[in-house]
Amino acid sequence: MKTFQYLRPASLAEALDLLARHGPAARLVAGGTDVMVDFKKNGLEADILVSLRRLTDLRYIREGNGQVHIGGLTTLRDLERSSLVARRIPGLADAARVMASVQIRNVATVAGNICNAAPSADTAPPLLAAGTQVRLVSPAGSRDIPLDQFFTGPRKTIRRPDEILTEFVVPIPSGPYSQAFWKHARRKAMDLAMVSVAVHLELEDDLVTCRQARIAHGVAAPTPIRTPEAEERLKGKKITPELLEGIGEASCEETLCRDSIRGQAWYREEIIRVMVRRMALRALERCRMGRPA
Amino acid sequence: MGYLEKIVKHVLEFTVNGEPVTVLVQPHEMLLAVLRDHLGLTGAKEGCGLGECGACTVLVDGVSVNSCLFPALEAEGALVTTIEGLMVDDGRLSPLQQAFVDHGAVQCGFCTPGMVMSAEALLAETPHPTEKQVRAGLAGNLCRCTGYNQIIEAVLAAGESSDSNPKPGNEPGKERP
Ligand SMILES: Cc1cc2nc3c(=O)[nH]c(=O)nc-3n(C[C@H](O)[C@H](O)[C@H](O)COP(=O)(O)OP(=O)(O)OC[C@H]3O[C@@H](n4cnc5c(N)ncnc54)[C@H](O)[C@@H]3O)c2cc1C
Ligand code: FES
Ligand code: FES
């Protein structure tokens with residue numbers, strides 16, 4: 001069996017140094033729930049694994065400056081149990097609850113989910129809908145990138161090999177807002193999404209007029225995507241079920257659904273049409289109840 | 001990479017079921033293999049080897065993990081608990097294990113060690129779970145024999161009879177497994 005070197009740096013600086021030193025031979029591993037499966041199934045291309053598990057100071061969820069800051073090493077279980085996430089990023093809380101199993105969520109990280117960049121990555125649509133920025137750190141410095149510019153293809157991102165994703169920055173809107181996320185899968189647990197829908201709505205004080213909206217999907221294109229034209233059509237409008245019918249249709253038109261073993265394109269589109277409306281209504285209801293989740 | 005580098009083994013020290021152990025492991029070995037092949041603790045089972053079935057579930061620092069995907073080297077310094085460690089000191093089954101027996105929750109038994117460890121982790125956090133919480137807590141454990149109902153009844157019964165309070169678990173900021 002092919003083996004590898006397994007390095008466990010104790011600090012971000014040390015991890016960055018190892019990445020820079022070993023170049024393309026090295027691959028990062030956080031929770032390992034994608035990397036170890038890849039190793040066992042396909043034999044892994046990297047000779048050196050650089051583990052981030054000792055960087056415990058990159059595991060946090062905190063609020064400050066009108067933003068929620070989530071450390072890259074935060075686990076899916078941390079998200080699921082965080083009252084801050086439930087209150088401020090309810091769409092992300094929806095996602096964490098329906099991912100994998102307890103055992104996987106205990107070790108799987110948010111950065112791992114996003115950097116693995118599967119079209120089905122469940123944290124991607126709610127983070128996209130929330131308007132998230134990611135912080136990438138390299139020996140040369142750090143850069144903040146909007147998540148909607150991060151994915152470039154299936155399992156491809158703009159991350160350079162010498163960069164580590166250290167933080168997600170999620171803005172907190174000043175007015176009323178809420179979110180909802182739907183993962184469509186055959187089973188309630190331990191299944192990848194057939195398609196998924198995240199809706200983020202910001203409202204005027206009348207709680208009827210849409211100030212801003214973001215709509216994002218998983219498995220509806222080669223990468224997780226937003227559908228900006230549909231979002232634009234909500235802006236400034238009074239939200240009604242009738243209006244939302246059209247938004248579901250519009251959002252669907254911006255996707256590139258295809259047939260796969262998990263489902264057919266027409267079915268995915270049908271789910272998007274219906275679930276954009278339902279998730280918008282759920283977000284609206286959460287907003288009006290004043291308790292996001 | 002030279003020949004010597006390729007066969008390099010690391011000294012790994014951790015505590016399993018209360019006993020400190022030292023083993024020599026290769027970098028690609030998973031915790032499951034170390035437990036079963038190096039330490040003879042064959043309670044945890046290898047079903048899928050890919051995180052899907054939960055037969056390999058053990059606790060690392062009190063947190064349930066799939067040991068088939070858990071790099072052994074990450075267990076350095078950790079407190080690992082396997083099914084062998086649940087027995088009460090005088091050799092009796094733990095109340096949770098006894099509940100599995102009493103409710104007919106064991107048929108072929110292959111899934112049982114993993115099921116019990118997942119249930120143990122759930123009850124440590126949520127001593128009196130609802131049926132929904134039990135189902136969610138065991139979602140990562142497959143059983144091809146029982147149809148699950150007996151297992152869920154066993155865990156609910158163990159929850160009802162326990163008088164424990166939640167133990168601190170896997171909080172942000174704490175050393176992660
Ligand atoms: C049984 C099973 C069920 C699953 N169910 C789901 C599911 O329901 N939904 C879902 O979306 N996914 C699921 N997954 C996939 C996986 O668990 C998630 O994608 C998880 O979040 C990956 O996180 P990780 O920390 O384990 O990543 P790792 O495997 O450690 O890493 C994944 C990738 O990200 C890179 N990486 C990790 N951390 C960083 C960082 N900080 N900076 C830069 N690059 C980094 C690694 O190099 C690697 O390429 C499942 C996996 C399994 C085995
Ligand atoms: S053997 Fe580990 S999950 Fe199946
Ligand atoms: S008892 Fe046979 S697999 Fe569960």
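Mentor: A definition first: two strands are said to pair if DSSP finds at least two bridges between them. Please also keep in mind that this is a predicted model.

Trainee: Understood. Which residue stands opposite B:Thr15 in S5(B)?

Mentor: B:Leu79 of S5(B) is the residue opposite B:Thr15. The strands concerned are S1 of chain B, residues 10-16, and S5 of chain B, residues 79-81. They run in the parallel sense, paired over 2 bridges.

Trainee: And S1(B) with S2(B), parallel or antiparallel?

Mentor: S1(B) and S2(B) are antiparallel, with 7 bridges between them. Within that pair, B:Leu12 faces B:Val23 of S2(B). The hairpin of S1(B) and S2(B) leaves 2 residues between the strands, and B:Asn17 has a positive phi there, near 50 degrees.

Trainee: What is the strand order of the whole sheet in chain B?

Mentor: The order is S2-S1-S5-S3-S4, an open sheet of 5 strands in chain B with mixed pairing. Its edges are S2 (19-25) and S4 (63-66) of chain B, each of which pairs on one side only. From one strand to the next, the twist averages 40 degrees.

Trainee: Which strands does helix H2 of chain B touch?

Mentor: Helix H2 of chain B, residues 31-38, packs on the sheet and touches S1, S2, S3 (57-60) and S5 of chain B. The directions of H2 and S2(B) make an angle of about 105 degrees. Helix H4 of chain B, residues 112-125, lies across S3, S4 and S5 of chain B and runs at about 35 degrees to S3(B).

Trainee: What is the bridge partner of A:Gln5 in S3(A)?

Mentor: A:Ile48 is the partner of A:Gln5. S1(A) and S3 of chain A, residues 48-51, pair in the parallel sense over 3 bridges.

Trainee: Now the interface. How many residues of chain B are in contact with chain A?

Mentor: On chain B 40 residues make contact, against 34 residues of chain A. Together the two chains bury about 3200 Å², with 53% of that area on carbon and sulfur atoms.

Trainee: How many salt bridges are counted between chain B and chain A?

Mentor: There are 4 salt bridges between chain B and chain A, while the search over all chains finds 27. One joins the side chains of B:Glu46 and A:Lys40, at 4.0 Å from N to O.

Trainee: Why does the pair of B:Glu46 and A:Lys40 join two chains?

Mentor: B:Glu46 sits in the loop between H2 and S3 of chain B, whereas A:Lys40 belongs to helix H2 of chain A, so the pair links the two chains. Another salt bridge is formed by the side chains of A:Arg77 and B:Glu125, at 3.0 Å from N to O. Polar contacts between chain B and chain A come to 12 residue pairs, with both residues at pLDDT 80 or more.

Trainee: Which element gives the most to the side of chain B that touches chain A?

Mentor: It is S4(B), with 4 residues. Helix H1 (3-6), S4, H4 and helix H5 (131-137) of chain B each supply at least two residues to that side. By class, the side of chain B that touches chain A has 16 nonpolar, 13 polar and 11 charged residues.

Methods: Residues are numbered from 1 along each chain as its sequence is written. Chains are lettered from A and ligands numbered from 1 in the order in which they are written. This is a predicted model: local features need pLDDT of at least 70, side-chain atom pairs count only at pLDDT 80 or more; totals for chains, interfaces and linings use all residues. Side-chain values use heavy atoms; hydrogens and water are left out. Axes are lines fitted to C-alpha atoms, for helices over the stretch in contact, and angles run from 0 to 180 degrees between N-to-C directions. Contact means heavy atoms within 4.5 Å. Buried area is the accessible area (1.4 Å probe) that two parts lose on being put together, summed over both. A polar contact is a pair of N or O atoms within 3.5 Å; within protein, one must be able to donate a hydrogen and the other to accept it, and residues adjacent in sequence count only if both atoms are side-chain atoms. Ala, Val, Leu, Ile, Met, Phe, Trp, Tyr, Cys and Pro count as nonpolar, Asp, Glu, Lys and Arg as charged, and the others, Gly among them, as polar.
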